Amino acid sequence: MLVKVDREQARAILDAMRQVATTGDRTSLTDIAHRAIASASRIVFHETELFARNRPTIGPRALATILTDELQSMWAVRFLAVMALVDGVLEKEKLDLALEYAAVLHVHEPYLEQLRESTKGNLSWALADMTRQNIKSLW
């Protein structure tokens, strides 16, 4: 397993991924989002059951009570950020929801600030910071 979680935690992360992908169940799950969640289920969490579109909803606070350590929270937020972007469109509502999960889970990483700035239309700043972070990673 790429992320060390139990079955309940894996399903909670997958459910949160669906929440972000559907903007809190306000939009339909796209085919690409469904495939991304199904792939994470199979490859990352080694779930053998097919991912169901009609899973229970889980909000940020509920997810925070299920995850037990910082590393689990960090990985969960990374998956949620991917789900906010998986359809290839910057959607403020999806990004805001992913950022809400990050705040509740106490995850603070540079890419989250880049996402936050992109929701404000500061794409030049976000791109410049991505470049800066990439250069920093070389040293």
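## The start of helix 4

D69 caps the N-terminal end of helix 4, with a side-chain oxygen 3.0 Å from the backbone nitrogen of L71. This is a polar contact (a pair of N or O atoms within 3.5 Å; within protein, one must be able to donate a hydrogen and the other to accept it, and residues adjacent in sequence count only if both atoms are side-chain atoms). The model is predicted: local features need pLDDT of at least 70, side-chain atom pairs count only at pLDDT 80 or more, and totals for chains, interfaces and linings use all residues. Residues are numbered from 1 along each chain as its sequence is written, and side-chain values use heavy atoms, leaving out hydrogens and water.

## Helix 4 and its cover

Helices here are DSSP runs (H or I, at least four residues), numbered from the N terminus. The end C-alpha atoms of helix 4 are 23 Å apart, which agrees with the 22 Å that its 16 residues should span at 1.5 Å a residue; the expected span is 1.5 Å times one less than the number of residues.

Buried residues of helix 4 include Q72, M74, V77 and L80, where buried means under 20% relative accessible area, exposed over 50% and partly exposed in between (1.4 Å probe, protein chains only). Helix 1, helix 2, helix 3, helix 5 and helix 6 are among the elements covering the buried residues of helix 4.

## The aromatic cluster

Ring pairs link F45, W75 and F79 into a cluster. Rings of Phe, Tyr and Trp (its six-membered ring) pair if their centres lie within 6.5 Å; planes under 30 degrees apart count as stacked, over 60 as edge-to-face and the rest as tilted. There are two aromatic pairs by this rule. F45 and F79 are edge-to-face, at 5.8 Å centre to centre and 65° between the planes. This pair joins distant parts of the chain, 34 residues apart: F45 is in the loop between helix 2 and helix 3, F79 in helix 4.

Both F45 and F79 are buried. The W75 and F79 rings have centres 6.1 Å apart and planes at 35°, so this pair is tilted. W75 is partly exposed, because its relative accessibility is 30%.

## The nonpolar core

A nonpolar core is a set of buried Ala, Val, Leu, Ile, Met, Phe, Trp, Tyr and Cys residues joined through side-chain atoms within 4.5 Å. The largest has 39 residues, of which I13, M17, F45 and L63 touch the most other members. Helix 1 gives the most to this core, with eight residues.

Terms used: Helices (H or I, at least four residues) and strands (E, at least two) are DSSP runs, numbered from the N terminus. Contact means heavy atoms within 4.5 Å.
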